[in-house]
Amino acid sequence: DIKIADFIPTGMTLVADANWSVSGGIASYVGTALNIDAGQNKSIDITLKVDATFEGETLTNTAEVSGAK
């Protein structure tokens, strides 16, 4: 199974989306759009908002895909 984890940085929050669940600052994709054939591309959107209390200058968001064969 292909899995996508988005490591939400401190200072950002996931905008409510039924395709993502959040636990411990990690958003996991729970949607059904991950069935793709070898060699194909797929875009999966996630929407985050900058927290009103954020006082820094830079936010870096990273994600990880695992389980691909």
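In what order do the four strands of the open sheet stand? In this predicted model, the order is β3-β4-β1-β6, and the pairing is antiparallel.

Strands β3 and β4 run antiparallel and are joined by four bridges; S21 has S28 in β4 as its bridge partner. These two strands form a hairpin with two residues between them. Within the turn, G24 has a positive phi of about 60°.

Strand β4 (residues 26-29) is also joined to β1, by three bridges, and these two strands run antiparallel. Here F7 stands opposite I26 in β4. The two faces of β4 can be told apart: A27 and Y29 form a covered face, whereas I26 and S28 form an uncovered one. In a regular strand, side chains alternate between the two faces of the sheet.

On to the remaining pair: five bridges join β1 (residues 3-7) to β6, and the two strands run antiparallel. One of the pairs involves I4, whose bridge partner in β6 is V65.

Regarding confidence, the protein chain has a mean pLDDT of 91, and 97% of its residues reach 70 or more. Among the elements of the chain, the lowest mean pLDDT, 92, belongs to strand β6 (residues 62-66), and the highest, 97, to strand β5 (residues 48-50).

Terms used: Residues are numbered from 1 along each chain as its sequence is written. This is a predicted model: local features need pLDDT of at least 70, side-chain atom pairs count only at pLDDT 80 or more; totals for chains, interfaces and linings use all residues. Side-chain values use heavy atoms; hydrogens and water are left out. pLDDT is the predictor's confidence in each residue, from 0 to 100. Two strands pair if DSSP finds at least two bridges between them. Buried means under 20% relative accessible area, exposed over 50%, partly exposed in between (1.4 Å probe, protein chains only).
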